[in-house]
Amino acid sequence: EELGEEFYICRSIFGKRCLCVYSQEEWDKLVQQISTLPNTKSNDVKRFLYDGTFTVGFDSQGRILIPASLREFADLESEVHIIGMGTNLELWNPDAWKEESEKNDFISTASHEMRTPVASIEGYLGLALNPATATIDARAKAYLEKAHESSQHLGKLFQDLLDTTKMEDNKIKLHYAPCEMY
């Protein structure tokens, strides 16, 4: 009922091998968000999205006919895994969903497990570089500063991995807005 009599079905714009289903209202919001992107970026997204988008509806038995090109894109056969994403639905091949889910779980777990020791290393290096807690010569200080910078960089990379998996799981909401580039 929330989808309405007609709704939109398209390829995922997030690089996933799934299909997305949008109500008219949510489709209009997505189109509006895309229009706020810089032209070079929005044109690429529009071409990808609009080229493979279809308007569909339910048949008399409550089923939808997914166009062949979209079934092929998402490798959909007899079974479909449906995920409610808040603003839309995702349709997945069950095996592809299991693989995607396992990948996200691994990245999340690995990032958490790696971030903790890196944070500890960063903390101890910070203590070693603090003149109030340690006295070191200039050469050792230079080595420790490089190690400290590297541990900070690693920590940021692990946080980015965590943020990426959260975005993919819709646990972080993105808000697009035009900005000036200098």
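Mentor: Helices (H or I, at least four residues) and strands (E, at least two) are DSSP runs, numbered from the N terminus. By that rule, Ile-34 belongs to helix 1 (residues 24-35). Ser-35 has its place in helix 1 too.

Trainee: What kind of model is this, and how are its residues numbered?

Mentor: This is a predicted model: local features need pLDDT of at least 70, side-chain atom pairs count only at pLDDT 80 or more, and totals for chains, interfaces and linings use all residues. Residues are numbered from 1 along each chain as its sequence is written, and side-chain values use heavy atoms, with hydrogens and water left out.

Trainee: How many helices and strands does the chain have, and in which pattern?

Mentor: The chain holds 5 helices and 5 strands. Along the sequence they run β-β-α-α-β-α-β-β-α-α.

Trainee: Why is Ile-34 called buried?

Mentor: Its relative accessible area is 4%. Buried means under 20%, exposed over 50%, partly exposed in between (1.4 Å probe, protein chains only). The value of 4% is therefore in the buried class.

Trainee: What does Ile-34 touch, leaving aside neighbours within four places in sequence?

Mentor: Ser-42, Val-45, Lys-46 and Leu-49 (contact means heavy atoms within 4.5 Å). Take Val-45: Ile-34 is 11 residues from it in sequence and 7.5 Å from it in space, C-alpha to C-alpha.

Trainee: How do you know the class of Ala-96?

Mentor: Its relative accessible area is 26%, which means partly exposed. Ala-96 lies in helix 4 (residues 94-129). From Ala-96 to His-81 is 9.3 Å, C-alpha to C-alpha, and 15 residues in sequence.

Trainee: What makes the phi of Asp-75 worth a look?

Mentor: Asp-75 has a positive phi of about 55° and is not a glycine. Most residues other than glycine have a negative phi. Asp-75 is in the loop between helix 3 and strand 4 (81-84). At 44% relative accessibility, it counts as partly exposed.

Trainee: Which residues form the largest nonpolar core, and what makes them a core?

Mentor: There are 12: Leu-3, Phe-7, Ile-9, Leu-19, Val-21, Val-56, Ile-66, Leu-70, Phe-73, Ala-74, Leu-76 and Leu-91. Helix 3 gives the most, with 3 residues.

Trainee: What is in contact with Phe-73, its neighbours within four places left aside?

Mentor: Arg-11, Ser-12, Lys-16, Arg-17, Cys-18 and Leu-19. Apart from this core lies another, of 8 residues, among them Tyr-8, Cys-20, Trp-27 and Ile-34.

Trainee: How do you know how the radius of gyration of the chain stands against that of a compact globule?

Mentor: The radius is taken over C-alpha atoms, and the globule rule is 2.2 Å times the number of residues to the power 0.38. For 182 residues a compact globule would be near 16 Å, but the chain has 23 Å. Its C-alpha atoms fill a box of roughly 80 × 40 × 25 Å along the principal axes.

Trainee: What share of the chain is buried?

Mentor: Buried residues make up 27% of the 182. Among contacts between residues at least 6 apart in sequence, 54% join residues at least 24 apart.

Key. Core = buried A, V, L, I, M, F, W, Y, C linked by side-chain atoms within 4.5 Å.
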